[in-house]
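Subject: Handover of a structure for your attention

Dear colleague,

Please find below the structure that I am passing on to you. My notes on it follow directly after.

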Amino acid sequence: MFRYIVRRLLQMVLTFFGATFLLFALVFANQKDPIQALVGERPVTESQRTFLTERYHLDDGFFTQYWYYLKGVLTGDFGTSLTGRKIVDMMSDAWPVTLRLALIAIVIAATFSVSAGVYSAIKRGGIFDNVSLLLTLVLLAMPIVVIAPLFQLIFGIQLGWFPPTATRDATFWQLLLPAIVLACIVIAPEMRVTRTAVAENLRADYVRTARAKGLTRMRVIWVHVLRNSLIPVVTLIGVDLGGLMAGAIVTEHVFNIPGVGFNLARAIRTEDGPLVVGFVSILVILFLFINLLVDLMYAALDPRIRYE
Amino acid sequence: MDVLPGVDPRAPLLEVSDLHVEFRTGYGVAKAVNGANFWLSPGETLAILGESGCGKSVTAQAIMGILDTPPGYVTQGQIKYRGVDLLKMSENDRRKVRANRIAMIFQDALSALNPVYTVGFQLGELFRKHRGMSRGDAKKRAIDLLDQVKIPAAKARIDDYPHQFSGGMRQRVMIAMALALDPEVLIADEPTTALDVTVQAQIMGLLADLQRQRNMGLILITHDMGVVADVADRISVMYAGKVVEEAPVYDIYARPAHPYTRALLESIPRLDMKGQQLSVIRGLPPALTDVPKGCAFNPRCAYARDACRQDPAPPAYQVSHQPHRTARCHFFREVIGE
Amino acid sequence: MSDLNTVTSAEAPGGQPSLPRGPVKKDKPRSLAADAWADLRKRKIFWVAIVLVAAILVMAIWPTLFTSADPGACALSNQYKGSSGSALFGYDYQGCDIYAKVIHGARNSIIVGILSTALAGVIGLIFGLSAGYFGGWLDAVLSRFIDIMLGVPFLLAGIVLSNRLSSDPKSNGIFAVTLTLGLLSWTSGARVMRSAVITAKNQDYVAAARMLGSSPARLIFRHILPNSIASYIVLLTLLLGINIASEATLSFLGVGLKNGAISWGIMIAEGTSFARTQPWPLVWPALFLGVTVLAFIMLGDAVRDAFDPKLR
């Protein structure tokens, strides 16, 4: 276990430096007028120009610039938006609602994909299995920019089952439809992996033992089979997280939820470069961190790794 | 313990008659068991002997009621436990028979134990689900059990996972699991095949001790004639899904009545035959989708004549009454007389 | 929208297309391609995908076959008018012919999709081939680099890079988006190619060819590539669908196509703002985008099932 964690942490450190450098290079490397690039098409005042030059150390060499950027990232200083607000403050305002949205989405996705995946695996080749495989293919292919506006239109506006947009304090009821939209991104892959894993585990020898022990069918499946099948499903969460983040930008924008994605989408529209770079940096770090957590969880779920 | 309706304590412990099991696959129907007959009394060890694919493991699974259905189906026959036909029971009653009355040990303990739960959990689960014990009590009982199967430092190892045990220790855990609820019948499916020779002897010794203490009936499924000689009381030899010979262990070793049994015995390496060529059985067992007409063993048999190649297959001839012996060979007198 | 890895790892619809499929042939087997084709021909989903893809391609190449109206000719007097004459789907907020715009939108989607996928395909091919064939430090460096690329979520990197590349106020963003998607989406292809090459390299006939003195280039092009190219093309088909979806997402957010370039993503963004009163300007482009992406994913999925020997 200890060696596994150490190895994983070392990997994380390498990826952290690599990813932040990559991100920084995407924005600043070989840029003729980096300030104009940051603020886009809007005119830059002389004082803004001085401020940004100083802030990003644009007079220094590229690697020095990266060094200062990295120092900021490590000390929690992500700079200031063109609106004058500190990016860390904006983030601390925005994240609670996004976290709530994400949690609701994950609970919906996990409940649905695990139960449907298990049922599909038990009734392999049946009607439910075939229909759900076809549906997940459609769901896999639908871009979030199609699902989010159409769900809002159909279930929010036309049918009126859910509130179509959220207010500032975003209640659970208002977050439910956008959470379903977000859940759609992960339901299809997670359900397919659950199905494959359960179908494989159902044929395992230990299942025969569990049945020979006189356990009920429910206990054999939900305690013995599922625990083994969850291992690949959990790893997938780390992979899906990137898609979930992109999805949150579109979804929060469409449903007017004042969270992280909403702020990022607005920053893109208003061409607030420092805000985009700051928020994306935070998200990338979060992404790396959660992937580390997922790998550690993987070890917790599989004792064979834990005692390696 | 749950009370099962119809159980008669004076009835024979276990009686299998005319059992048929088939597997329906996309490639055709494989008849894995074609009329198996045997019985078991308390305290007795019955060895079921045969090459791989002869239907012995399938028979065990059919008795336990843990065949994979589909593709496996019991199509005919009876499995009577204390006078009650298990095949006519409701699934719920059947489930209560498992582990409580009839328990089973599997071949490869590493894959037969769930890799993600501790040994304590998997043992304790039996007490919790069948006896309604609390987690704490169940754990105490689990430690007792590990002591009984002679696992050193049972208390310290109760929270270990299966992969942390050695092969022999894992098989002891399997045995503990099977004995947890004091079953009257224990089915051991190749319990020592995956182990080293020295460990094999220890495990067989442990099984024999525990059986004597508890007066259990033991069905030992194996292809190893050497193991059988030491522990079995009676032997049923299976070939292509049928019991071809049934006899007390001494008689069968001294004077086999079926050509297949005879061939099996001759293929055991023996010290006093050193330097001579070991005889082998020609050919392969038949595919279960395509069993030969008449006696299934005829293509490989040195005694085979025209009668053996025609239906009906030889019935179970009574070789002797005292002791009880049967053989499915038209020419058993010839085989036994030599 | 989902990650390419999950699309490729997921199973085929229709349960197990594997086991009993007619009698087992003992005579000389047909080639893998012929086998796969025989299998594909029987799949309904394959034919549905083929018809859809063909229709979309025709639409992208000859949009005037479907509409004679100029998608740029908008008159505010037509705002939200219902369908009339050639404007089958009615008019949008700015009085543009929705039908004409949706039809003409296919071209940009397909151009960006195909070019970015081709770029990713070439990069992935070169990187994957060289990492797999030469191994050693080159493989180590490239593999770590791919790990780092995967450390930044695809679309977040896309937002930043596309934003930067399209900073020229006059550009329509097509070049920028194509470059962005191409530069960011080659990683899974490189991984697949790398492992395919390593597998092929260890096969006896390749080892034999090497001992007979084949040059590395000849080995790669005559022996290794033909065996791994099928799965690579399947991967690119799936990637094409994903890149089309990504273009729409970037355009939707305002960092993709711009300055009058027609994009389904932009139409969806505009339609969303007024969906409360006028749903159709949103529904049509969303439908076309959804069906287009689905068609490519279905096509890739069906071909992969036919070619994947593991499922046979």
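The centres of domain 1 and domain 2 of chain A, taken over C-alpha atoms, are separated by 35 Å. Domain 1 of chain A covers residues 16–74 and domain 2 of chain A covers 91–306, bounds that come from an automatic or database domain assignment. Along its principal axes, the C-alpha trace of chain A spans about 80 × 55 × 30 Å. Chain A has 13 helices and zero strands; here helices (H or I, at least four residues) and strands (E, at least two) are DSSP runs, numbered from the N terminus.

Please note that this is a predicted model, in which local features need pLDDT of at least 70, side-chain atom pairs count only at pLDDT 80 or more, and totals for chains, interfaces and linings use all residues. Residues are numbered from 1 along each chain as its sequence is written, while chains are lettered from A and ligands numbered from 1 in the order in which they are written.

The model scores ipTM 0.83 and pTM 0.79. Confidence in each residue is expressed by the predictor as pLDDT, from 0 to 100. For chain B the mean pLDDT is 83, with 95% of its residues at 70 or more. For chain C the mean pLDDT is 77, and 80% of its residues reach 70 or more. Within chain C, helix α7 (residues 174–184) has the highest confidence, at a mean of 89, and α1(C) the lowest, at 42. Residues 1–28 of chain C should be read with this in mind: pLDDT stays under 50 over them, and the model has 60 contacts for them beyond four places in sequence. Two residues are in contact if their C-beta atoms, placed from the backbone, lie within 7 Å.

Chain C also meets chain A: 52 residues of chain C are in contact with 56 residues of chain A. On the side of chain C that touches chain A, the elements giving two or more residues include α1 (4–9), α10 (216–253) and α12 (280–307) of chain C. The residues of that side divide into 30 nonpolar, 16 polar and six charged (Ala, Val, Leu, Ile, Met, Phe, Trp, Tyr, Cys and Pro count as nonpolar, Asp, Glu, Lys and Arg as charged, and the others, Gly among them, as polar).

Within chain C, the axes of helix α3 (residues 44–61) and helix α4 (residues 98–134) come within 7 Å and cross at roughly 100°. Axes are lines fitted to C-alpha atoms, for helices over the stretch in contact, with angles from 0 to 180 degrees between N-to-C directions. α3(C) and α4(C) are therefore roughly perpendicular to each other (65 to 115 degrees). C:Ile56, C:Leu57, C:Met59 and C:Ala60 of α3(C) make this contact with C:Ile103, C:Ala106, C:Arg107 and C:Ile110 of α4(C). Seven of the contact residues are nonpolar, none polar and one charged.

In chain B, four strands form an open sheet with antiparallel pairing, in the order β2-β1-β4-β5. Strands pair if DSSP finds at least two bridges between them. The edge strands, β2 (28–40) and β5 (84–85) of chain B, each pair on one side only. Strand β1 (residues 14–25) of chain B is joined to β2(B) by 10 bridges, and β1(B) and β2(B) form a hairpin with two residues between them. B:Glu22 stands opposite B:Lys31 in β2(B). Two bridges join strand β4 (residues 72–81) of chain B to β5(B), where B:Asp85 stands opposite B:Lys80.

With kind regards

Technical notes:
Angles under 35 degrees count as roughly parallel, over 145 as roughly antiparallel, 65 to 115 as roughly perpendicular and the rest as oblique.
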